[in-house]
Amino acid sequence: MPTSNIASDAQSKPAATRRPTRAEKAAATRQGLIEAAAGVVGEFGYADASVARITARANIALGTFYNYFETRQALFDTLLPELGQDLIAFVGDRVRGSRDTLEMEERGFRAFFEYLAANPGFYRILNEAETMAPKAHHKHFQALAIRYVAALRIGLARGDMPAYSEDDLETVVYLLMAARSYLTLRYGLAGGKLPENVVETYIKFVRGALSQRAPAP
């Protein structure tokens with residue numbers, strides 16, 4: 001029997017697919033619940049995001065939910081911080097390689113609204129969490145602020161913010177996040193592209209705020 005045919009037959013057979021482990025299956029199910037909850041809360045709000053609705057969207061048995069979360073509230077307390085990590089990663093990827101703080105801020109501002117356009121339910125999840133999942137809301141903003149402060153600290157060391165000190169950075173971060181929040185209320189909820197003049201006005205404002213010189217002693 002020709003050996004070349006044997007080799008050819010062996011190459012034509014698909015490689016055996018590795019079966020996922022129990023831990024991998026559990027992680028996938030949990031992630032499915034998070035994604036389903038994001039869709040349901042984004043569409044209906046926390047109050048109407050029942051366990052039955054979430055598990056139906058995740059296509060799992062209702063009882064399986066409680067293998068992963070003790071209560072519906074436990075899921076809500078997890079939802080925003082986990083989705084927030086996606087936002088942080090998305091914005092971080094967009095601002096990487098910025099020459100200075102102003103360029104970083106413009107890229108980050110654009111990326112934030114790009115993320116909202118691609119994930120229209122996120123703002124409802126974020127906004128309603130203040131009352132429906134306050135622990136999650138606090139944890140999310142804490143994580144955002146830590147990353148934001150770290151980024152501005154680099155600019156501060158580079159001399160991009162001459163009028164500011166290390167002690168000012170957290171306040172600056174919350175001022176910038178507040179601006180994004182209110183601009184979202186005005187422009188971002190329609191899910192379309194943010195008007196370019198809004199971006200230009202925001203950057204003009206930030207340039208004036210961050211680039212000013214410290215007052216003479």
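Just after helix 4, Gly97 takes a positive phi of about 90°. The model is predicted: local features need pLDDT of at least 70, side-chain atom pairs count only at pLDDT 80 or more, and totals for chains, interfaces and linings use all residues. Residues are numbered from 1 along each chain as its sequence is written, and side-chain values use heavy atoms, with hydrogens and water left out. The protein chain holds 9 helices and 0 strands. Helices (H or I, at least four residues) and strands (E, at least two) are DSSP runs, numbered from the N terminus.

**Overall build**
- The elements run α-α-α-α-α-α-α-α-α from the N terminus on.
- Of the 217 residues in the protein chain, 35% are buried. Buried means under 20% relative accessible area, exposed over 50%, and partly exposed in between (1.4 Å probe, protein chains only).
- Take the contacts between residues at least 6 apart in sequence: 67% of them join residues at least 24 apart. Contact means heavy atoms within 4.5 Å.

- Helix 4 has 24 residues and reaches 35 Å from its first C-alpha to its last, close to the 34 Å expected at 1.5 Å a residue. The expected span is 1.5 Å times one less than the number of residues.
- A kink of about 25° lies at Leu79, shortly before the proline Pro81. The bend at a residue is the angle between axes fitted to the seven residues ending there and the seven starting there.
- The axes of helix 2 (residues 22–44) and helix 4 come within 10 Å and cross at roughly 90°. Axes are lines fitted to C-alpha atoms, for helices over the stretch in contact, and angles run from 0 to 180 degrees between N-to-C directions.
- Helix 2 and helix 4 are therefore roughly perpendicular to each other.
- Helix 2 contributes Arg30, Gln31, Ile34, Ala37, Ala38 and Val41 to the contact, and helix 4 contributes Leu75, Phe76, Thr78, Leu79, Glu82 and Leu83.
- Angles under 35 degrees count as roughly parallel, over 145 as roughly antiparallel, 65 to 115 as roughly perpendicular and the rest as oblique.

- Helix 5 (residues 101–118) has 18 residues. Its span is 25 Å from first C-alpha to last, close to the expected 26 Å.
- Asp100 caps the N-terminal end of helix 5: a side-chain oxygen lies 3.3 Å from the backbone nitrogen of Leu102.
- Buried residues of helix 5 include Met104, Gly108, Phe109, Phe113, Tyr115 and Leu116.
- Their cover includes helix 4 (72–95), helix 6 (122–132), helix 7 (134–158), helix 8 (169–188) and helix 9 (196–210).
- Phe112 sits in helix 5 and is buried, at a relative accessible area of 10%.
- Leaving aside neighbours within four places in sequence, Phe112 is in contact with Leu87, Val91, Arg180 and Thr184.
- Phe112 and Val91 are 21 residues apart in sequence and 6.5 Å apart in space, C-alpha to C-alpha.

**Ser181 in helix 8**
- Ser181 lies in helix 8 and is partly exposed, at 27% relative accessibility.
- The side chain of Ser181 makes a polar contact with the side chain of Tyr123 (3.5 Å). A polar contact is a pair of N or O atoms within 3.5 Å; within protein, one must be able to donate a hydrogen and the other to accept it, and residues adjacent in sequence count only if both atoms are side-chain atoms.
- Ser181 and Asn127 are 54 residues apart along the chain, with C-alpha atoms separated by 9.3 Å.

**Loop residue Asn59**
- Asn59 is found in the loop between helix 3 (51–58) and helix 4.
- Phi of Asn59 is near 60°, a positive value in a residue other than glycine.
- Asn59 counts as exposed, at 69% relative accessibility.
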